[in-house]
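I opened my notebook for a look at helices and chains. Here is what I looked up.

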Amino acid sequence: MDLTLSDEQRLLRESADRFVAETFSPEHRKKAANDPLGYSPAIWKQFAELGWLALPISEAHSGLGGGAIEIGLLMEAFGRGLVSEPFLSTVVIGAALVAERGSEAQKQAILPDVAEGKLTLAFAHSERAARFDLAHVDTTAGKTADGWRLNGSKIAVLDGAAADQIIVSARIANANGASGKLGLFLVPAGTPGLTLRDYARLGGGRGCNLDLKDVQLPADALLGDGSDTLPAIETVVDRAMAALGAEAVGIMQTLLDTTLEYTKIRKQFGRPLSANQVIRHRLADMAMQVDEARSMALRAALMANAEPVARSRAASGAKAKIGKCARFVAEQAVQLHGAMGVTEELDIGAYFKRLLAFDTLFGNSAHHYRRHAALSGRAHA
Amino acid sequence: MDLTFSAEERAFEQEVRDFIAGSLTPEMKRATALTPSVFSDPDIGMAWQRALHKKGWGAPGWPVEHGGPDWTPAQRWIFEAECARAGVPNVNVMGVKMVGPVIIGFGSPEQQNFYLPRILSGEDYWCQGYSEPGSGSDLASLKTRAVRDGDDYVINGTKIWTTHAHHANRMFALVRTNDGERQQDGISFILIDMKTPGITTRPILTIGGDHEVNQVFFDDVRVPVANRVGEEGKGWTYGKYLLEFERGSGIASAKLREALKTITDLADSEVTGRAIEDPDIAIRMSEVEVDIDALEMTELRVLSALQTGQNPGAVSSLIKLRVSEIRQAVTRLGVDVIGQDGLAVEPARPFYRLNHEPAIPEELLPVVPEYLNGRAYTIFGGSSEIQRDIIAKMVLGL
């Protein structure tokens, strides 16, 4: 039982905190918000040089073999700076899907390039009709003479427009044409039949909706052997939720710190806001919820390699609880900043929106309480 | 980082399990499950204290020279978690966990030699004389006065919310010996024999129907000056030390998890018409369980910091607030789980020694009283409002 950071982990956290504080200024963020790419390739290159893109990739594939704790340390720092680089899409999700499902040849072709910063990935899975149900996929993959033909629509694809390859989930049609197992397909950017509707994402970065119309792919576009890929998707999404939870903690901590400072400086009726008990108690509640969120993110990371039910319960519990805490902390941060909190003139709004995006990503708080109840055998939830 | 315990710690866990299996009688277990107040009655609680003492585990937090077992923070965690899982009696904390540490920290060698063994063995049963009718959360405004007369103090005044005063043979009390400039000055820490002439005790029934707390009156009560702990006028410092003594070593999540399990088992049975199939109940159970997960992780973070010799810092002051709120959420869930059986009031106590067949299944009896009594969790030991004041000051630096 030891929850203290190792020396290496402490160094990682220090370097991430320092890099983020020096690089991701409000000015930088405003520039990135208007950037069609949504992030800076120059900074992405620095991420690679710092070893961050190689962090969770296995040593056999030119990575550093780190785990969920290290990812969490980075993500918390990224949250503090509202980093919009496609780290989650490419490294936490994309590379992990390849590592979980890919053949050795696919891993060798993709993972070292990700580690070096030469390849970006995105994951196209969610569909409108599915809401938050990971198992609900209507997109189809039909077998052709020399490969696959994909048809369907995806929404909320993070960083899709910037990705060199998009990993698309689809039902693999049986011989009789009925839908069968879930598969993952590597679709290179610009493949004919692929239409992206790119948008600026709430809280920073880019997202897109995606249409696939008779997208022809070679046989080796399928990740892995054609067995059902839902368990791998659940594994990777659970870990992504732990990572997002850590990012949310960084965002919430920044909102708390900023609000605390503001209430000390802002004077009304001849005294600082923070002299009022109602304000002090609100801040105490915010601090408590930030701390609870921190515990839950850490717990989800520590359980990232547990057996599936325990892992999923921890991930859903974290997503649900952190989502609830995030909404409280974000809304109170705006409230305590008064009218300034609802303007673009302060940073508060940007952090607020990032937390709003966090809550809905991979399922909101209510969804994950239901999933937690169902995983706990409380059947009718 | 990892959540697993070492081989030695696992072996210790087994030792604790074996001890509990050999010492916890079915009567103690049933009595504990059917007790809706905070602490077990003395016959049950002290039977367990004697068993712990026999094993050398009577006072886990005490230094070795006074009879502590010299456990690491991880061992204390394992011990508390196993005790919670097994449903052992809730021993009144006033002796081992409250007055003991103050006597160890500030008492004279004579006081230590006399009182500490009697606390360990359960020979003495203690109550705490802190709150007064006019001094609740503002404890330092207390008015009970001790006036020096030769080798005695003469005490006049009253204490309230005195848990188990009707069982206790000793009280540790904060009394005013001087009027200082600040109200915290001039308070002394005194040990009082409850059999001293002039002490009367009035029971106070809680809304759950339990007699756990009392009001105690002092009418010219003579207490030897030798019964003062430490210096005259420094009682506030000792009292605060006592409140902080348990900080960081309190382990509440295991007990809360067990309380939720009890409610879940009821919901998952025909006794409640399978309340668990109500989606609202099922989801609230998950909400509470996740809150306990967060609390447990916070407690483990504190434990880990203690274990590696670091100061856990401010995080531990957040714990009291969450523990009390989660306890209330669990007890509220219980009321909703048992539904209309909650209408039946059973005034007799204790539930484990009724002379008649109760109107509702026995295991449902404590549910509503636990909820009702549990409203006090956010009030005693510094109300939630006081805790938020402390967090604002100590954690946020406001």
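Which residues in α10(B) meet which residues in α11(B)? This is a predicted model, where local features need pLDDT of at least 70, side-chain atom pairs count only at pLDDT 80 or more, and totals for chains, interfaces and linings use all residues. Residues are numbered from 1 along each chain as its sequence is written, while chains are lettered from A and ligands numbered from 1 in the order in which they are written.

**Entry 1: a helix pair.** I found Arg327(B), Gln328(B), Thr331(B), Arg332(B), Gly334(B), Val335(B) and Ile338(B) on α10(B), meeting Val367(B), Val368(B), Glu370(B), Tyr371(B) and Gly374(B) on α11(B). Contact here means C-beta atoms, placed from the backbone, within 7 Å. Helices are DSSP runs (H or I, at least four residues), numbered from the N terminus. By class, this contact has 5 nonpolar, 4 polar and 3 charged residues (nonpolar: Ala, Val, Leu, Ile, Met, Phe, Trp, Tyr, Cys and Pro; charged: Asp, Glu, Lys and Arg; polar: the others, Gly among them).

**Entry 2: a bent helix.** I then turned to α5 of chain B, residues 94-106, which bends by about 35° at Gly100(B). The bend is the angle between axes fitted to the seven residues ending there and the seven starting there. Pro101(B) follows within four residues. In α5(B), 11 of 13 residues are buried (20 or more other C-beta atoms within 10 Å of a residue's own, with C-beta atoms placed from the backbone). Among them are Met94(B), Lys97(B) and Gly100(B).

**Entry 3: where chains touch.** I looked up 31 residues from chain A and 34 residues from chain B in the contact. On the chain A side, α8(A) gives the most, with 13 residues.

Note on methods. Two residues are in contact if their C-beta atoms, placed from the backbone, lie within 7 Å. Helices (H or I, at least four residues) and strands (E, at least two) are DSSP runs, numbered from the N terminus. A residue is buried if 20 or more other C-beta atoms lie within 10 Å of its own, exposed if 12 or fewer, and partly exposed in between; C-beta atoms are placed from the backbone.
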